[in-house]
Amino acid sequence: MKKRVKNNVYWVGKVDWELRTFHGHEYSTHKGSTYNSYLIQEEKTVLIDTVWTPFAEEFVDNLAKEVDLNKIDFIVINHGEVDHSGALPLLMKNIPDKPIYCTANAVKSLQGQYHQDWNFQIVKTGDKIDIGNGKELIFIEMAMLHWPDSMATYMTHDNILFSNDAFGQHLATEELFNDLVDQCDLFNESIKYYANILNPFSPILRRKLDEITALNLPIEMIATSHGVIWRDNPLQIVEKYAQWANDYQENQIIILYDSMWNGTKLLAEKIAEGIRLADEDVVIKVYNLAKSDENDLITEVFKSKTVVIGSPTIVNGILHSVAGFINLMKGLRFKNKKAAAFGCYGWSGEAVKIINKLMEDAGFEVVSEGYRNQWYPNGDAQKAALEYGRKIARI
Ligand code: FEO
């Protein structure tokens with residue numbers, strides 16, 4: 001069933017309450033998600049984006065109940081990723097000749113995925129289409145936010161920015177608008193989405209936010225492709241993005257570790273105690289990497305100014321949970337964050353050096369040689385770990 005967004009603009013997407021992982025298993029979606037598709041019924045009838053492939057049949061059936069598919073004048077695909085284009089093949093079977101407006105890169109991604117030679121109409125930033133009733137659609141390329149093919153579409157008069165992935169959140173809800181959902185859920189899912197998906201592209205985002213501001217378009221709604229539509233103070237999420245895109249950090253230190261026989265875990269706890277003794281105000285969070293959700297941890301890393309990370313030495317290396325997480329952080333290109341390593345060992349003891357090297361390669365400023373302890377930490381070792389924590393707090 002379509003839901004009215006504003007005037008003649010309707011939501012015709014899919015709420016996926018059941019989704020628990022996204023991008024395969026790369027991103028945890030504890031609260032599900034939505035795939036937002038929009039139907040504009042002005043003098044022209046326009047569909048903006050579709051839904052993920054498993055919901056294609058349901059989507060096309062529902063859409064056909066709302067509008068004669070042949071009455072759709074054209075389709076706008078803001079981004080070719082399958083969660084938004086997945087219903088295109090089935091839809092285009094019904095209306096094979098209808099134009100699809102998208103970027104040149106989106107033609108590549110859509111052809112690459114579906115191997116169809118649809119009626120593509122390539123658009124660039126500033127291109128406009130008249131949709132009747134004095135309204136236009138204006139296209140804004142959003143390359144690398146977050147794919148090379150991404151774009152946004154702005155609807156004049158109603159002043160709606162269809163932003164696709166940008167400003168979205170993985171949040172299943174039957175409510176359409178930001179003011180109608182739990183604000184903690186909304187904030188937590190928005191920052192998690194930024195940290196885990198958009199952070200690598202922060203420099204591009206900074207430039208794009210300036211470019212959008214310079215266009216001087218009034219924005220009354222930001223209609224994303226996941227989660228809610230921002231209608232209550234829609235620029236609040238743009239302001240948040242401006243903060244997050246500028247090497248964001250809070251007064252927080254995160255301690256991450258994995259442990260084989262709890263020695264490295266004990267060091268983590270003593271380091272936390274030391275940090276607290278040296279700094280009453282800093283927020284300290286301690287997580288076992290192997291027992292925590294990696295995407296939630298990425299959000300905590302995003303908020304942190306320092307990452308203290310530990311592993312015992314195993315077979316001249318480090319535990320794979322730690323290595324894998326450092327690799328995940330590397331891909332997300334964090335900037336302006338400090339790092340320090342620690343770990344227990346029995347024999348050769350390379351873990352701390354290895355972590356330092358990996359963290360440096362991942363773009364962190366390694367601020368210490370690290371702290372390592374042979375065998376299980378005795379009283380002196382625990383004191384030394386506590387002192388190490390004090391030292392980190394003061395750096
Ligand atoms: Fe929501 Fe990049 O797809």
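**View 1. Packing of helix H10 (residues 320-331) against helix H11 (residues 351-361) in a predicted model.** The axes of H10 and H11 lie 9 Å apart at an angle of about 20°, so the two helices are roughly parallel (angles under 35 degrees). Axes are lines fitted to C-alpha atoms over the stretch in contact, with angles from 0 to 180 degrees between N-to-C directions; helices are DSSP runs (H or I, at least four residues) numbered from the N terminus. Val322, Ile326, Met329 and Lys330 of H10 make the contact (heavy atoms within 4.5 Å) with Ile355, Leu358, Met359 and Asp361 of H11. Local features need pLDDT of at least 70 and side-chain atom pairs 80 or more, while totals for chains, interfaces and linings use all residues. Residues are numbered from 1 along each chain as its sequence is written, and side-chain values use heavy atoms, without hydrogens and water.

**View 2. Helix H9 (residues 294-303) against H10.** From H9, Glu294, Leu297, Ile298 and Val301 meet Phe325, Leu328 and Met329 of H10.

**View 3. Surroundings of Met329.** Beyond neighbours within four places in sequence, Met329 is in contact with Ile298, Val301, Ile309, Phe334, Met359 and Phe364.

**View 4. The largest nonpolar core, with 89 residues.** Such a core joins buried (under 20% relative accessible area, 1.4 Å probe, protein chains only) Ala, Val, Leu, Ile, Met, Phe, Trp, Tyr and Cys residues through side-chain atoms within 4.5 Å. Among the members touching the most others are Ile309 and Met329. Helix H5 (residues 183-198) gives the most, seven residues.

Terms used:
Buried means under 20% relative accessible area, exposed over 50%, partly exposed in between (1.4 Å probe, protein chains only). Angles under 35 degrees count as roughly parallel, over 145 as roughly antiparallel, 65 to 115 as roughly perpendicular and the rest as oblique.
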